[in-house]
Amino acid sequence: MSNSQNPDSHKENKTCPNWFASWFDSPYYHILYKERNYREAQIFMDNLTHYLNLPEHAKVLDLACGKGRHSIYLNQLGFDVLGVDLSENSIATANKNANDTLHFKVHDMREPFEEKFDAIFNLFTSFGYFESDDDHLKTLIAIKESLSEYGFGVIDFMNVPNVLENLVPEETKTVDGIDFHIKRFHIDGHIYKEIDFENQGCTYHFTEKVRAFTLQDFQDLMNQAGIYLLDIFGDYKLKKFHKTDSERLIMIFK
């Protein structure tokens, strides 16, 4: 497990048991990724909800919702949406947009819900963060148990063979005057992203670490979870999946 410095602390070498909790709770996470393509995400939601033919006012769970940008758009499409995330800071921000049919709460994705959903979306590689594959299996089982009888689960993950083929080992991104020095590498079945930067006289280091799950890995986990994989797409326009050329691995299951 990597060591991550809490952005609210200036102590050196402060360790955090769950890097994804500290980094995703950090304001710097949202600064680095602020340029993500919102229009592309909306097109994906349009295509996905159309493909699934969700009923009017369907109950949708946005699992690992971050600040809720996808939840908000899904709600604008007419769905009853619950967005959940482990990050308390992200949920606090998302809650500013809550209404009668849009709610947010802090939640661990390994835990199922008592209520059932017509669709559960886990989007933009928000899977694969746990150290143990038992926890990844628990997450899949929790999704399955939280779906209604006719509900669909969707996991949108990176397509690992394509990512590894096009991995940029080192780059610097400057956002809001902060130079983020980024290194990427693949070791022991994980894809790592080391992020180093300075701000206001303090030096920060974070590590993103995601399991390099292939389609076969997901199929094996889904078989263990008793999940039936219905369809696979390779991009946000829902084009056919190609195991080396596709940028995304989008799985529809129940």
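**Rings, then helices**

Reply: A search of the whole structure finds 14 aromatic pairs. Rings of Phe, Tyr and Trp (its six-membered ring) pair if their centres lie within 6.5 Å; planes under 30 degrees apart are stacked, over 60 edge-to-face, the rest tilted. This is a predicted model: local features need pLDDT of at least 70, side-chain atom pairs pLDDT 80 or more, while totals for chains, interfaces and linings use all residues. Residues are numbered from 1 along each chain as its sequence is written, and side-chain values use heavy atoms, without hydrogens and water.

Me: How is a pair of aromatic rings described?

Reply: By the distance of the centres and the angle of the planes. Phe 124 and Tyr 236 form a tilted pair, 5.1 Å centre to centre with 50° between the planes. The two sit 112 residues apart. Both are buried (under 20% relative accessible area, 1.4 Å probe, protein chains only; exposed is over 50%, partly exposed in between).

Me: Which strands hold Phe 180 and Phe 197?

Reply: Phe 180 lies in β7 and Phe 197 in β8, so their pair ties together parts 17 residues apart in sequence. Phe 180 and Phe 197 are buried.

Me: How are two packed helices described?

Reply: By the angle between their axes and the distance between the axes. Here the axes of α6 (residues 133-146) and α8 (residues 215-225) come within 9 Å and cross at roughly 60°. That makes α6 oblique to α8 (roughly parallel is under 35 degrees, roughly antiparallel over 145, roughly perpendicular 65 to 115, oblique the rest).

Key
Axes are lines fitted to C-alpha atoms, for helices over the stretch in contact, and angles run from 0 to 180 degrees between N-to-C directions. Helices (H or I, at least four residues) and strands (E, at least two) are DSSP runs, numbered from the N terminus.
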